[in-house]
Protein chains: 2
Amino acid sequence: MSVIEQMKKFMEPESVALFGVSRRNEHGFNILQHILSYGYQGRIYPVNPNASEIMGVKTYPSAKNINAEIDLAVINLPRDLVPGIVKECVEVGIKQIVIATQGFSDANDEEGKRLQKEINGFIKKDGVRILGPNSLGTANPYINFSSSFIKLNMLKVPVGIICQSGSFFGFHELSTLGKGIDLANSCDVDFIDSLEYFDQDPQTKVIVLHIEGMRNAKEFIKTVSRVARKKPVLALKTGRTEQAARAAQSHTGSLAGSDAVWDAALRQAGVIRVTCPNELSDLSMAFSILPPMKGRRIGIITGSGGLGVITIDSCSQANLEVASLSPATVERMRALFPSWQSIGNPLDILPAFVVSKQPFYKVLTEALDASFKDDGIDAISLMWGIWTRPECNRFCQTINELLEVHCHKPLVCFLMGDYAGEAKDILLAAGKTMVFHNPDRAARALAHLAQYSAFRRSL
Amino acid sequence: MSVIEQMKKFMEPESVALFGVSRRNEHGFNILQHILSYGYQGRIYPVNPNASEIMGVKTYPSAKNINAEIDLAVINLPRDLVPGIVKECVEVGIKQIVIATQGFSDANDEEGKRLQKEINGFIKKDGVRILGPNSLGTANPYINFSSSFIKLNMLKVPVGIICQSGSFFGFHELSTLGKGIDLANSCDVDFIDSLEYFDQDPQTKVIVLHIEGMRNAKEFIKTVSRVARKKPVLALKTGRTEQAARAAQSHTGSLAGSDAVWDAALRQAGVIRVTCPNELSDLSMAFSILPPMKGRRIGIITGSGGLGVITIDSCSQANLEVASLSPATVERMRALFPSWQSIGNPLDILPAFVVSKQPFYKVLTEALDASFKDDGIDAISLMWGIWTRPECNRFCQTINELLEVHCHKPLVCFLMGDYAGEAKDILLAAGKTMVFHNPDRAARALAHLAQYSAFRRSL
């Protein structure tokens, strides 16, 4: 089997054997309960010598009693038992194994190292591949499967994550994630194997990496350089300080390496480095749904002069430019705005509505349409407040209709008021614009989008 | 009347005259509808020559027909009419006037400047004070009053804001704000007057400033230096770049000044400068509800090794220290954790629960109690995921009970999982801890708290 074929068995298993399924649901941690609730349609073989069925699913005393082809084994038993179970899996011909159990290279004792060594003996013998230990394994919302004992959101979005901490599977702010691979200790399956899978996967448009450290960094950089030319790759490299690097060592047993070296290597590879989980979440979505940018010039449309000033600050800090409006745009606005208002960027549309008594949706539509058609603007940042339900519906309808026509430059929104949350949900469901809580985050997302757009043009 | 007495009339009016109240509710913009909905108990006199009542409230053809003492006038009429109305107010003895209308020093034409000059002629004549123009006026949730035509959340929280943009009244992320003063163009009432009010106001514990620019910066710095020694003062100074400063000029007609000069002056005055609206929101709450910090040493308790590493990165970036655990803390944890786990900071409590099968709440309580009692720890950062409702309730109960006993050092949380939002609501209602969406924001908030605590100790 090729690497990709074998990674497909990890990601798209048609049958799974589960070792260490509890009859209880402690703190919501139960893989069997979760995959039943997701609606996984593959065959499930829980192995438990002390039960005949769990949650309505027939159980087997050992792997030897299953007598069927098994694509993936998931082991979640005390560490002392793990090598024996791996051996059992290998003997019945299971080639893909996830080990969730902790206490191997991540442990502080000799026994952990010894157990890891024992497991290592099985790797690539007869084609056996191991994901973990200390791993939630894989997640694939497109087939409603995950080996994670933590319940996931399982959204069918085109973002694939490769991480070294299961928290990225359950991260509230990362609910934009689709498929996932938790490498954790990474004794065998690694970033390179996983990148090869996502590189060819048609359901994945954006690849996200959470890196604590790795052994084969040079080979990784070679692979990721190739992949990043085809699909945007975002990386959160943690363990930036020495103290954090030591903690990473005890977490997954991996070496963090110098932060400056990582920074330069990732940049050269065309990988977009992000600094925090929020930015990872913002950019995953930005690269999934926003069109590329031709340049870095932002048109700002606002209902508040004060927020306009704040948005300029945000743009400057993110090295974006505040666009100069074309004469055509200024002329169109002139007809709507009070005569005393200087028309520029930011375009404050409140006076046109409050002072000149123009119908609000006419002003909003004109301002957006003019900005979409203005060749001097590469992306639009819109700020508005929504305080009633009718306004919320009409606002979203206006935006969505405009985005049906204009899909060649990004529009991002920053909303306030009682109905900001509802408007956000409606706009996100349409999947054509992003709504931010903060002008800084919006500017950073656009800056990265502009940077990657330039990188792609340069290839 | 002293400045403070007069500012009290702006903030705590017992009677208000409203000029320019519409019979309609366009886009949710109607001051009369709002103050009725808030439950304002003072006397309300809408002035409208074309109606006898609006929304059940008797109206008056002009100020001259009111025949009662009026603490505050709010004018929201076309700019050409404003000087005449101000004159009318002065003639009937109204000393406090809010002008909401735009198009004065914020306008681009001669007429705006001329109208502003006309209004200026009334300032401090017979004790008249004017707030605005271009201002939402004041907000005081403690008496259910605001002159804002945008509907506000009106939370009774001890945070007072002085701003130059009404968007800070309606800012979604700033729902932690209590009283507010929108200076806007600031032709008369300014930062100094407003600081004097909040300085003496027993309902305000934290003061927040949104500054675009001002004329009397030297005097302001003198005043704010005095106030910051008594109450924490947070400042978002916008218009950091030249382009943003120009936009500020056209927004409120004020001069932004050099950013570096502002930065140094604010720091020297003991003012905490923040960089974005989210940070303003985080710190308002942090200073309202968290106790001061004795130093910068953070204890990290986590359910994920990966998030532990990320939190160290966040702490380092915010110049916080990762605490060394005392021998007593290590010993207490030793009894609960698997023998192979190295016990340190971050304290990963998941193995104690998943591997050693210790009851989760025992582990959590022990870890938190030990950290609260550990003299080497100045604040605690807790990360945990919550996936079921019973867990959510029990988790919050555990945290709240611990915070009843330990109230001498801050605890901040970073929550994940399906019930993170609900847990956040429960914990915020108890008002003793803060829940962040991002380890970076939590670290920045603690760093500012530590800095201000050190400043207060140094006085």
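In this predicted model, the side chains of K87(A) and E91(A) form a salt bridge, 3.0 Å from N to O. Both residues belong to helix α3 (residues 82–91) of chain A. They are four residues apart, so about one helical turn separates them. K87(A) is partly exposed, with a relative accessible area of 45%. E91(A) is partly exposed too, at 44%.

R114(B) makes a salt bridge with E111(B), and their closest N and O atoms are 3.0 Å apart. Helix α4 (residues 110–120) of chain B holds both, three residues apart, or about one turn of the helix. R114(B) is partly exposed at 43% relative accessibility. E111(B) has 29% and also counts as partly exposed.

Next comes a bridge between helices. The side chains of E422(B) and R389(B) meet in a salt bridge of 2.8 Å, N to O. This pair links distant parts of the chain, 33 residues apart. E422(B) sits in helix α16 (residues 420–430) of chain B, and R389(B) in helix α15 (residues 389–405) of chain B. Both are partly exposed: E422(B) at 32%, R389(B) at 42%.

Salt bridges can also join into networks. E196(A), D199(A), R226(A) and K230(A) are linked in one. Over all chains, the structure holds 50 salt bridges.

Now turn to a buried residue. V363(A) lies in helix α14 (residues 360–373) of chain A. Its relative accessibility is 0%, so V363(A) counts as buried. Beyond its neighbours within four places in sequence, V363(A) contacts L336(A), F337(A), I349(A), A352(A) and Q358(A). F337(A) is 26 residues from V363(A) in sequence, yet their C-alpha atoms are 8.8 Å apart in space.

Key: Residues are numbered from 1 along each chain as its sequence is written. Chains are lettered from A and ligands numbered from 1 in the order in which they are written. This is a predicted model: local features need pLDDT of at least 70, side-chain atom pairs count only at pLDDT 80 or more; totals for chains, interfaces and linings use all residues. Side-chain values use heavy atoms; hydrogens and water are left out. Helices (H or I, at least four residues) and strands (E, at least two) are DSSP runs, numbered from the N terminus. Buried means under 20% relative accessible area, exposed over 50%, partly exposed in between (1.4 Å probe, protein chains only). Contact means heavy atoms within 4.5 Å. A salt bridge is a side-chain nitrogen of Lys or Arg within 4 Å of a carboxyl oxygen of Asp or Glu.
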